[in-house]
Amino acid sequence: MSGSLNDDSFHQDLQPQANHGSDYLSHQLQPPPPPRRPRGFAATAAAMGPTSTTAAATGGKAKREREKEKERTKLRERHRRAITSRILAGLRQYGNFPLPARADMNDVLAALAREAGWVVETDGTTYRHSTPPSQSQGAAFPVRSGVSPISSGSFKGCSIKAALDCQPSVLRIDESLSPASLDSVVITERDAKNEKHTASSPLHAAHCLEDQLIQDIHSRENESQFRGTPYVPVYVMLATGIINNFCQLIDPDGVRQELSHLQSLNVDGVIVDCWWGIVEAWNPQKYVWSGYRDLFNIIREFKLKVQVVMAFHACGGTESEDAFIKLPQWVLEIGKDNPDIFFTDREGRRNKDCLSWGIDKERVLRGRTGIEVYFDFMRSFHTEFNDLFAEGLVSAIEVGLGASGELKYPSFSERMGWRYPGIGEFQCYDKYLQQSLRKAAGLRGHSFWARGPDNAGQYNSRPHESGFFCERGDYDSYYGRFFLQWYAQTLIYHVDNVLSLASLVFEETNFIVKIPAVYWWYKTSSHAAELTAGFYNPSNQDGYSPVFDVLKKHSVIVKLVCCGMPVAGQEEGDALADPESLNWQILNSAWDRGLTVAGENSPSCFDRDGYMRIIDMAKPRSDPDRHHFSFFAYRQPSALIQGAVCFPELNYFIKCMHGEIEGDLVPS
């Protein structure tokens, strides 16, 4: 009822207004028009609310600041390149080199190299004249007006690029370059000062020269930081092929020449591989040491220290190795009748790089066990060269404990088709290791675990392609943890057995054990490549501590293979690799246990940046405990006498390791 009255009164109130202003009334009764739909940034702001709108406004301001910073960066870049173009112009104008009008950086480098006494062929091949070392090292680099002299000692047998890296800055750079001259640069050749070049060629060439100069500046900053740091001895590994398969020294004069070069670089000693496959090649316990005796006599002439490697593995047969040394022939003959003495993969393929650890205590080698064969070899060496120990010539013995002389299973054999960054395969399918696995499974109460993983992929698989190594894969199941612990423990037992006998032979001699750098797939949860190599080191485990506990028991020097870069042709992201993190995990684990640590570079030749990474690792400046390497083993790509090693780079590296940077390498 009240609703009706209200409606009537409502109509009565409206009637007078209808009589006097119907247009106004109709306008008031119309519904308001819908609001305009916001678009673009306004729509986003409306949906986000007032708080988000404020944040978006702040973000817009930050975006404008970033745009301004980009413009400033572009301007600085153009300014920087113009300055380096003037450097290039100065080299042409004041150096008085016969360069073509549109010469690029290669022409400039070739002219500098020829002026320094080098021969540069048309295809870019660069080498020195065959002059006596004393003359070549004393040759000065003539520099004309406007430059400072370059140290003669900085051109010892190196390419011109490395020489530029080693020399101090040779030009004074005018910093007052105006922005108006940024887009084009006038390059003067000899006396023709009106000839102009386009900006593209000189800027590109100047950019290359600038990279070299910046590298030189950074190196100069690092030199002062390493002066006075702990002295780290440097040992150079001699080439594998200097002793042939009949244990004869191939080129005594060449060895003397190489040792003379090394002595001029102030290296502390050399590393010699004593190959089991050469010394005991034909008959068991018939050792031939004649070639090594000749080699050690020559080394004695130069008064260099020697580290000797007991090499119980095979070498060569791949593109990355320049010599081929097999296991002893009599061992291979045994292997024909009993192939289970070799490591075996899941498909039954035998790996003849080294003997299986399953025969360490099995008398299958003409009445001897595996570790007895190693013991007899080491005892024969000590007996033959007892005089070297008495003189103090032998500073340490490195004991080979697996493939490539490193402490690992041969899971990454190139002969089996493995290529980086494959995860490798488990090497536990010979009958002796299978017996050990069955025994371990029985003791655990799960006899059905006495098998290797059937979903671990192939040599070149990726972790995500296998059910065992993928994220939340079987590697972290109850069975997976059992298998990986047994696999790693077998490696540890082998280390303990061999080092226990080695300590009986070399009582007061330092032992060295080489630890591999299996850094690919380190950023994954499973660390698949480390697992197949024998290190139970997934993201939720520390696989190196149990190994180092055993090495601590035998007072071993841990030698880490330092990989500062991934394999050539591969990106770290392709393999989720992290060499630096792996290196520091190993170093910290070893130093925490009081172990002495040394280093060795990977087979690839390093440039200046690579050397600096190694030096930073050898002498970590931020370590409050002042840890550092006890020595460094330099692996050369080939013999030094073949000119493959850049002497200024190696000389610079050795001086930084010694903490003794000469005056001609330090800017005044």
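I began with Arg626, which sits in the loop between α19 (608-618) and β12 (632-635). I am working on a predicted model. Phi of Arg626 is near 55°, a positive value in a residue other than glycine. I checked its cover next. Arg626 counts as exposed because its relative accessible area is 58%, and the cut-off for exposed is over 50%.

I then turned to Cys247. Its phi is also positive, at about 55°, and Cys247 is not a glycine. I found Cys247 in the loop between β3 and α8 (252-264). Is Cys247 buried or exposed? I read a relative accessible area of 1%, so Cys247 is buried. I noted both phi values because most residues other than glycine have a negative phi.

**A cis peptide bond**

I looked up omega for the bond from Tyr420 to Pro421. The value is near 5°, and the bond is cis. I logged it because most peptide bonds are trans. Pro421 belongs to the loop between β8 and α14.

**The chain as a whole**

I stepped back to the totals. The protein chain holds 20 helices and twelve strands. It has 668 residues, and 50% of them count as buried. I took the accessible surface as about 32400 Å², with 50% of it belonging to carbon and sulfur atoms. I also checked contact range. Among contacts between residues at least 6 apart in sequence, 74% join residues at least 24 apart.

**The barrel**

I traced the strand order next. Eight strands form a closed barrel, running β3-β4-β5-β8-β9-β10-β11-β12 with parallel pairing. From one strand to the next, the twist averages 30°.

I followed two of the pairings. Strand β3 (residues 234-237) pairs with β4 in the parallel sense over three bridges. I picked out Val236, whose bridge partner in β4 is Val270. Further along, three bridges join β8 to strand β9 (residues 510-515), and these two run parallel. Here Ile397 has Phe511 of β9 as its bridge partner.

**Strand β4**

I stayed with β4 (269-275). How many residues of β4 are buried? I counted seven of the seven, so β4 is largely enclosed by the rest of the structure.

Helix α10 (residues 290-301) lies across β4 and β5 (305-311), and it runs at about 175° to β4.

**The annotated pair, Glu406 and Glu600**

I looked up the UniProt record. The unreviewed entry places the feature "active site" at Glu406 and Glu600. I checked how they sit relative to each other.

I took Glu406 first. Glu406 lies in the loop between β8 and α14. Its relative accessibility is 11%, and Glu406 counts as buried because the cut-off is under 20%. Leaving aside neighbours within four places in sequence, I find Glu406 in contact with Leu401, Lys514, Pro516 and Val561.

I then moved to Glu600, which lies in strand β11 (residues 596-601). Glu600 is buried, at 1% relative accessible area. Beyond four places in sequence, I list among its contacts Met237, Lys514, Val561 and Phe632. Lys559 is another residue that Glu600 touches. Their side chains make a polar contact at 3.0 Å.

**Leu407**

I closed with Leu407. Its place is in the loop between β8 (394-399) and α14 (431-444). I read a relative accessible area of 0%, so Leu407 is buried. Outside four places in sequence, I find Leu407 touching residues including Leu491, Val495, Val513, Ile515 and Phe535. Lys514 and Pro516 are also on the Leu407 contact list. Val547 is a further contact. I checked the separation of Leu407 and Val547: 140 residues in sequence, and 9.7 Å in space from C-alpha to C-alpha.

Technical notes:
Residues numbered from 1 in each chain as written. Predicted model: local features only at pLDDT ≥ 70, side-chain atom pairs only at ≥ 80, totals over all residues. Heavy atoms only, no water. Helix = DSSP H or I, 4+ residues; strand = E, 2+ residues; numbered from the N terminus. Buried < 20%, exposed > 50% of the residue type's maximum accessible area, 1.4 Å probe, protein only. Contact = heavy atoms within 4.5 Å. UniProt positions renumbered as here; feature names shortened; annotations may be inferred. Polar contact = N/O pair within 3.5 Å; in protein donor to acceptor, adjacent residues only side chain to side chain. Pairing = 2+ DSSP bridges. Axes fitted to C-alpha atoms, helices over the stretch in contact; angles between N-to-C directions. Areas by Shrake-Rupley, 256 points an atom, 1.4 Å probe, with all protein chains shown as cover.
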